[in-house]
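The sequence and structure come first.

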Amino acid sequence: MKDYNPYLQRALKSIVREVLTDVAKNGLTDESYYVLSFQTPKSKIPDFVRAKYPEQMTIILQNQFQDLQVNESDFTVVLGFGGVPCEIRVPFDALLDFADPSQKFGLTFTPTPISAPKAEEPQKSAEVIDLASLRKK
């Protein structure tokens with residue numbers, strides 16, 4: 001049986017990408033604002049923010065955000081955390097929810113699995129080579 005959910009999820013995330021691209025170019029209109037929830041392990045956020053939100057967090061794009069940039073796979077935005085401006089990068093694959101409360105519109109996404117960190121290969125022990133054995137006799 002064909003699983004259409006991945007196709008649907010990509011299509012819905014493309015809506016978010018288009019909306020954010022429009023906001024990046026034209027700013028917010030009317031009373032619009034956007035609420036986005038996302039998985040933090042997949043996102044680039046400051047360590048002090050990650051410590052507070054290790055699994056997921058929600059941001060609001062309304063009045064105080066800067067430098068919103070959107071590309072095919074993710075978006076970046078500068079937000080204030082405790083009065084400190086910080087850039088965050090959120091892959092669209094990390095999105096959990098998107099809402100425009102002013103329009104009573106919202107989307108919920110199926111969480112994509114968080115990849116386990118790759119196990120490091122065990123280090124090989126160094127071999128000691130006797131240089132004398134390499135010299136010509």
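## Residue Q39

Q39 touches E55, Q56, D93, A94, L96, P111, T112 and I114, leaving aside residues up to four places away in sequence; a contact here means heavy atoms within 4.5 Å. Q39 lies in strand β1. With a relative accessible area of 7%, Q39 is buried. Buried stands for under 20% relative accessible area, exposed for over 50%, and partly exposed for values in between, using a 1.4 Å probe and protein chains only.

## Basis of the model

This is a predicted model, in which local features need pLDDT of at least 70 and side-chain atom pairs count only at pLDDT 80 or more, while totals for chains, interfaces and linings use all residues. Residues are numbered from 1 along each chain as its sequence is written, and side-chain values use heavy atoms, with hydrogens and water left out.

## Overall fold

The chain has two helices and seven strands. Helices (H or I, at least four residues) and strands (E, at least two) are DSSP runs numbered from the N terminus. In sequence order the pattern is α-β-α-β-β-β-β-β-β.

Of the 137 residues in the chain, 31% are buried. Among contacts with a separation of 6 or more, 51% are between residues 24 or more positions apart. The chain exposes about 10,000 Å², and carbon and sulfur atoms supply 52% of that area; the areas come from the Shrake-Rupley method with a 1.4 Å probe.

Strands β4 (residues 74-81) and β5 (residues 84-91) run antiparallel and are joined by eight bridges. Two strands are taken as paired if DSSP finds at least two bridges between them. F81 has V84 in β5 as its bridge partner. The two strands form a hairpin with two residues between them, and G82 in the turn has a positive phi of about 65 degrees.

In soluble globular proteins, nonpolar side chains tend to be buried together. The largest nonpolar core in this chain has 27 residues, and L36 and F75 have the most contacts inside it. At least two residues of this core come from each of α1 (5-26), β1, β2 (56-61), β3 (65-70), β4, β5 and β6 (95-100). Such a core is a set of buried Ala, Val, Leu, Ile, Met, Phe, Trp, Tyr and Cys residues joined through side-chain atoms within 4.5 Å.

F75 is buried, with a relative accessible area of 0%. Leaving out residues up to four places away in sequence, F75 touches L20, L36, I59, L68, Q69, V70, I88, R89, V90, F92 and L95.

## Aromatic pairs

The chain has three aromatic pairs. Rings of Phe, Tyr and Trp (its six-membered ring) pair if their centres lie within 6.5 Å; planes under 30 degrees apart count as stacked, over 60 as edge-to-face and the rest as tilted. One of the pairs is Y4 with Y7, which is tilted at 6.1 Å centre to centre and 45 degrees between the planes. Y4 is exposed at 58% relative accessible area, while Y7 is partly exposed at 41%.

The ring centres of F75 and F92 are 5.8 Å apart and the planes are at 45 degrees, so this pair is tilted as well. F75 in strand β4 and F92 in the loop between β5 and β6 are 17 residues apart, and the pair links distant parts of the chain. F92 is buried at 2% relative accessibility.

## Salt bridges

The count of salt bridges is two, each requiring a side-chain nitrogen of Lys or Arg within 4 Å of a carboxyl oxygen of Asp or Glu. In one of them, the side chains of K44 and E87 meet at 4.0 Å, N to O. K44 lies in the loop between β1 (34-39) and α2 (47-52) and E87 in strand β5, so the pair ties together parts 43 residues apart in sequence. E87 is partly exposed, with a relative accessible area of 36%.

R89 forms a salt bridge with D74, with the closest N and O atoms 3.4 Å apart. R89 is in strand β5 and D74 in strand β4, 15 residues apart. R89 counts as partly exposed at 31% relative accessibility, whereas D74 counts as buried at 11%.

## Positive phi values

Most residues other than glycine have a negative phi. D67 has a positive phi near 50 degrees; D67 is in strand β3 and is partly exposed at 43% relative accessibility. K104 also has a positive phi near 50 degrees. K104 sits in the loop between β6 and β7 (105-108) and is exposed at 80% relative accessibility.
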